[in-house]
Amino acid sequence: MRKIPINFAKTLGNTTANYRWFAVVYLVVMFLILPLTLIAMSFSLPLLYTFIALILTIGLLITVLNLLQKHANDKLPEKLRTWKFLPLPLRSLEPYDSIFFCWKKKVEGEYRGCENETRMETAEM
């Protein structure tokens, strides 16, 4: 049981090492947007329960699919054996990395070349 939070922390650390902007986005979402959303929805309990049920259902489906991909990959349909059936922004942080990288360049005044990088990545999807 102790391995679960440790592995989660390692995953967050590795993601932050690859994408520097991820730490800021994670903090803003987890400690500002999500609590404010839950507080706002608490005024309408059916809406709050629906939101929580939706999040738990999506989490359960992702967990089951990951377990099936790991342990019974040959029994899955060809399309579900990898996450490539999802669009790139739903399975990777790379598209968001290019957006944050270009935004940083724009703020620093070095915006040349970013438009081409973004268009090339969009064309690959």
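Modeller: A residue here is called buried under 20% relative accessible area, exposed over 50% and partly exposed in between, with a 1.4 Å probe and protein chains only. You are looking at a predicted model, where local features need pLDDT of at least 70, side-chain atom pairs count only at pLDDT 80 or more, and totals for chains, interfaces and linings use all residues. Residues are numbered from 1 along each chain as its sequence is written, and side-chain values use heavy atoms, with hydrogens and water left out.

Colleague: Thanks! How many helices does the chain have?

Modeller: Helices (H or I, at least four residues) and strands (E, at least two) are DSSP runs, numbered from the N terminus. From that end the elements read α-α-α-α-α-α. With zero strands, the chain's secondary structure comes to six helices.

Colleague: At what angle do α1 and α2 pack?

Modeller: Axes are lines fitted to C-alpha atoms, for helices over the stretch in contact, and angles run from 0 to 180 degrees between N-to-C directions. Contact here means heavy atoms within 4.5 Å. Phe-8, Leu-12, Thr-15 and Thr-16 of α1 meet Phe-22, Ala-23 and Tyr-26 of α2. The axes of α1 (residues 3-18) and α2 lie 8 Å apart, and the packing angle is about 130°.

Colleague: How are α2 and α3 oriented to each other?

Modeller: Their axes come within 8 Å and cross at roughly 140°. Leu-34, Leu-38 and Met-41 of α2 make the contact with Leu-45, Leu-47, Leu-48 and Phe-51 of α3. Angles under 35 degrees count as roughly parallel, over 145 as roughly antiparallel, 65 to 115 as roughly perpendicular and the rest as oblique. The two helices are therefore oblique.

Colleague: Ile-33 is part of a nonpolar surface patch; what accessible area does the patch have together?

Modeller: Patches join residues with over 30% relative accessible area and no salt bridge: like charges within 9 Å, nonpolar side chains (Val, Leu, Ile, Met, Phe, Trp, Tyr) within 5 Å. Ile-33, in α2 (residues 22-41), is partly exposed at 44%. Areas come from the Shrake-Rupley method with a 1.4 Å probe, and for residues only the protein chains shown count as cover. The patch, with Val-24, Leu-36 and Phe-43 also among its members, has about 1,100 Å².

Colleague: Which residue meets Arg-81 in a salt bridge?

Modeller: A salt bridge puts a side-chain nitrogen of Lys or Arg within 4 Å of a carboxyl oxygen of Asp or Glu, and the whole structure has one. The N to O distance is 3.2 Å, and the partner is Glu-78.
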